[in-house]
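Reader: Hi! Could you walk me through this fold?

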Amino acid sequence: MTQNKYIQIIIVLIFVILGIFIVTKWNVRVPETAPVCSDCNVIIIGADALQAAHVSHLGYKNETTPTIDALAKKGTSFSQAISPAPWTVPAFMSIFTGLYPSEHKVVNKFSVFTKEKQVISNLKELSPNAQTLADIFKANGYATAGFTGDAGVSAQFGYNKGFDVYTDEKAFGSIENSSAHALPWIEKNKDNKLFIFLHGYDDHGQFDVPEKYKGRFMPANYAGPYKGTKEEQRNLREKGLSDGKIDLTPDDVAFWRGWYDSKIRDADDRLAGFLEAYGRLGIKNKTIFVVVSDHGTEFYEHKRFDHGFSLYDELVRVPLVFVVPGLSGKGIISDQVTTLDVAPTLIDIVGITPSDQYRSQLRGKSVLSYLKTGKGEARDVFMETDYRDYTHKRGIRTADGWKYILTMETSKGELYNIKDDPKENNNVIEQYPEISLKLKQKVMDHLANMGQNVSGPWNIGCTPVYGDQCK
């Protein structure tokens, strides 16, 4: 072998060793595949309190969501997407941090609530090392902005972390109000790479219904006592919490569900207005859209109203839609995923580099394989709630269709066969003790992995969300 050949081999070896050193020393992420949509804009559309069972392309009887349906037709929709929490404050924080609520610790409005001391929960104080998806996109050269309806995603909880701009001036604000802030900012920054959180409370029970509200799905002949006000909705929520249930007639239930469907359709129309205006800016073809809800909401499915208290599917099964330039739509995927998958999926699609800290936080998995091929791996997912300290519940929903819920303060378990009993009406824990024990152990192992003391104490108290509570 010639001397020149030896020199060439030595040079190649030096570069190989140097490359290994760089990857090891700085833990550089080497993508498994080339990014699908490098430098694309990202818009996460947060449809607060939208129950998956009321989304029309997922099989609902009423045409509630034509705009979301049109996005789903262009992209890929997951019919069994599960939120890790059944209400806003912890749920969207999990989407952005990649952590379960017990890990990021923003589980209630207040981290301390006594007569002597009240401390608002804040990510930066409760989990000072935690990073957000906005942090990661900003570090990778994106202009970042959140336009929200305040309340559960208020900046006071740390939701503004990583965002260059964050609006939350209107409590329970609509997607229309958020759009009014978003569109001028987008037009001004459209030559940059954009990461945007666009959020609205239009579907929420405490959203102020505009006068032009159509109410198109409300029963025309309803003669019951309700008018559909947010005060009535609030009173029904509180009565359900205090009494364990509320008593409504079938006509009352039909009225409230029609009220909810009408709110969803009006919200969908307002979203259409944003998308039309965004399309006129000329950057839609290089934008990834993600439509996701933080939780659903209950309308008497289990004799309560609103959300937060339980882990039933009307609260934790939510819409999740991805539209990605360059990828054809794969229809509706019935495999189970979690909204914790949003962050790792976006990182893979765009091909950005997360920090070591953020990569260590991610509890979900990328669903990019589903978006590319329509195929992937369904898996078990976990969920939890400590809603206002009324209860402490932990649960698992398995890939093969079982759900186990454990109420920590009473040690009471519930088991449902989702495939045979999708409305979770029949607790079959006594019929299937082996399955129950197996799933309980999975929940316990999950809690232990998060560093949670499973023996408690699981104290019951009153931690308010609204100003008229816990007086």
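This is a predicted model: local features need pLDDT of at least 70, side-chain atom pairs count only at pLDDT 80 or more; totals for chains, interfaces and linings use all residues.

Reader: Great. In what order do the eight strands of the open sheet run?

Author: The order is β6-β5-β7-β1-β8-β11-β2-β12, with mixed pairing. Strands (E, at least two residues) and helices (H or I, at least four) are DSSP runs numbered from the N terminus, and two strands pair if DSSP finds at least two bridges between them.

Reader: And which are the edge strands?

Author: β6 (165–167) and β12 (331–338), each of which pairs on one side only. On average, neighbouring strands of this sheet are turned by 15° against each other, direction ignored.

Reader: How many bridges are there between β5 and β7?

Author: Five, in the parallel sense, between β5 (residues 143–147) and β7 (residues 194–200). Gly-146 stands opposite Phe-197 in β7.

Reader: Which strands does α7 touch on the sheet?

Author: Helix α7 (residues 175–189) touches β5, β6 and β7, and its direction makes about 165° with that of β7. Contact means heavy atoms within 4.5 Å; axes are lines fitted to C-alpha atoms, for helices over the stretch in contact, and angles run from 0 to 180 degrees between N-to-C directions.

Reader: Now the helix pair α2 and α9: at what angle do they pack?

Author: About 55°, with the axes of α2 (residues 66–74) and α9 (residues 250–279) 7 Å apart. The two are therefore oblique to each other, the class left over once angles under 35 degrees count as roughly parallel, over 145 as roughly antiparallel and 65 to 115 as roughly perpendicular.

Reader: Which residues make that contact?

Author: Pro-66, Thr-67, Ile-68 and Leu-71 come from α2, while Arg-265, Asp-268, Leu-271, Ala-272 and Leu-275 come from α9.

Reader: How much of α9 is buried?

Author: 22 of its 30 residues are buried, so α9 is largely enclosed by the rest of the structure. Buried means under 20% relative accessible area, exposed over 50%, and partly exposed in between (1.4 Å probe, protein chains only).

Reader: What span should α9 have, and how far apart are its ends?

Author: At 1.5 Å a residue, the 30 residues should span 44 Å, and the end C-alpha atoms are 43 Å apart, which agrees. The expected span is 1.5 Å times one less than the number of residues.

Reader: What do the buried residues of α8 pack against?

Author: They pack against α9 and β10 (305–306). The buried residues of α8 are Glu-232, Gln-233, Leu-236, Arg-237, Gly-240 and Leu-241. Just after α8, Gly-244 takes a positive phi of about 90°.

Reader: Switching topic: is β15 mostly covered or uncovered?

Author: Mostly covered: six of the six residues of β15 (residues 402–407) are buried. Trp-402, Tyr-404 and Leu-406 lie on one side, and Lys-403, Ile-405 and Thr-407 on the other. In a regular strand the side chains alternate between the two faces of the sheet.

Reader: How many bridges join β14 to β15?

Author: Five, and β14 (residues 393–397) and β15 run antiparallel. They form a hairpin with four residues between them, where Gly-401 in the turn has a positive phi of about 100°.

Reader: And how many join β15 to β16?

Author: Six join β15 to β16 (residues 412–417), again antiparallel. Leu-406 stands opposite Gly-413 in β16, and in this hairpin Ser-411 takes a positive phi near 65°.

Definitions and conventions: Residues are numbered from 1 along each chain as its sequence is written. Side-chain values use heavy atoms; hydrogens and water are left out.
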